Amino acid sequence: METSIESIREQLEALEVKMTAAVNDHQSLIQSIHPEQRDSARNLLHYLVLRSEDIRSLQEALHIAGLSSLASAESHIHSQVQSVLQRLGKKYHPEDKEICDFAFSSQKISSNSQQLFGEKKSKQTPYIMVTFDRSFADNYAFIKSLLQNGMNVARINCAHDDEATWSGMINQVKKARRQTGIGCKIYMDLAGPKIRTRILSKGHKKGQVKITKGQMVWLAEDAADFGEEDIVISPGEKGIIKKLKKGDRVYIDDGKVKGVVEKIKNNAVGIRLIRTQEKGKIKESKGINFPDTKLEIPPLTEYDKQCLPFICENADMVGYSFLRSKADLEQLQDLLLKLSPTPTHLIMKIETPEAVSNLPALLYQGMRFPVAGVMIARGDLAVEIGFERMGEIQDEILWICEAAHMPVVWATQ
């Protein structure tokens, strides 16, 4: 049954009232945001109101009536509602019109992106971030070629190498910038907690061990109670093993190896392997994920804190790995402000289910700085939430970030 124009207008007006009320109810939150981010914060509130409503029948009625169905308007959602209402005859005083319209939001996203990633030749081409390897520190010609072929951001992962190697990479980028006249930002990732394989028994000398599907592998902090033929692996961080329960999934090496906790004894757990990679090996220093286990490991390590002065002195952006909550982000922001009154730009890496659930709160906390960004760390996130959900979840992240006018790095792994 076709919905009347009067009914459509009533539903849109009710939606606008809720959007306005949400902003009025969250004035303390808005005031905590950096002044340059407050319009974006209000738009995010408006969008979250829209997402909290079931508007499917309204959208269908709008479509039938030849009006905007409010789709693809994340960045200026209140303005879009007002535009439709104007088409239906509603009059607005100039002071009541939403400032965050299509033109404003487009300019805001562009400005935020430029502050983070610099200028680029073509608006149609996305920014390109390239992850550096230690060999780059001695390869000026290659870095120059990367710049000339579109690299906008050089990424250095602090989980690898040391300050001397990082300095070599950065110096090569600076030299290439001077020689070519092409801009390039420096982005440095904090390592975060090192939840990685350490082979403790069989295979530890070679740094790898052969495995087969159906085999039992043990997770423990030491191999004292095991025989030479047992495969014993440490996750590298204390306290994890005690959190594991029967039935919890364990993924190793970006999900190539999958196991389920089957046995628990003393300070060890037995993992039954239900999927192995083609070559049937577990190697040293590969990542381990525990998607069913609530870990209480701080994402900011002592090593990260030691790296921060170097990062703040040399990098344009710092990436925060494995953050889960607003409190995690607030801790790093406080440290950055202590190091500099104009802190290094912050990129929030979304790679845990908790970060996805807490995304609006993380964005609002990030907005306390004049500009911030998000990285969808698709490798770890896919393992944590399940590969089959990755397409759905990354779209959700992109929509919410667009509502916040927050630039997003879409990692390709």
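A cavity, as the term is used here, is a set of grid points where a 1.4 Å probe fits but cannot get out. In this predicted model, the count comes to one cavity of 30 Å³ or more, and the largest cavity holds about 40 Å³ of space.

The residues that line the largest cavity are V217, L219, I233, V250, I252, I271 and L273. Sorted by class, this lining has seven nonpolar residues, with no polar and no charged residues. Three strands, β6 (216-220), β8 (249-252) and β10 (268-275), each supply at least two residues of the lining of the largest cavity.

## The crossing of α9 and α10

Helix α9, which spans residues 302-314, and helix α10, which spans residues 326-339, have axes that come within 10 Å and cross at roughly 50 degrees. Because of that angle, α9 is oblique to α10. The crossing in which α9 passes α10 is right-handed.

## Residues where the two helices meet

On the α9 side, the residues in contact are K305, L308, P309 and C312, and they meet Q331, L332, L335, L336 and L339 on the α10 side. By class, this contact of α9 with α10 has seven nonpolar residues, together with one polar and one charged residue.

Terms used:
Residues are numbered from 1 along each chain as its sequence is written. This is a predicted model: local features need pLDDT of at least 70, side-chain atom pairs count only at pLDDT 80 or more; totals for chains, interfaces and linings use all residues. Side-chain values use heavy atoms; hydrogens and water are left out. Axes are lines fitted to C-alpha atoms, for helices over the stretch in contact, and angles run from 0 to 180 degrees between N-to-C directions. Helices (H or I, at least four residues) and strands (E, at least two) are DSSP runs, numbered from the N terminus. Angles under 35 degrees count as roughly parallel, over 145 as roughly antiparallel, 65 to 115 as roughly perpendicular and the rest as oblique. A crossing is left-handed if the near helix is turned anticlockwise from the far one by less than a right angle, and right-handed if clockwise. Contact means heavy atoms within 4.5 Å. Ala, Val, Leu, Ile, Met, Phe, Trp, Tyr, Cys and Pro count as nonpolar, Asp, Glu, Lys and Arg as charged, and the others, Gly among them, as polar. On a 1 Å grid over the protein atoms alone, a cavity is a set of points where a 1.4 Å probe fits but cannot get out, and a pocket is an open set with protein on both sides within 12 Å along at least five of seven lines; lining residues have an atom within 4 Å of a point. Grid points are joined across faces, edges and corners, and a volume is the space filled by probe spheres set on the points.
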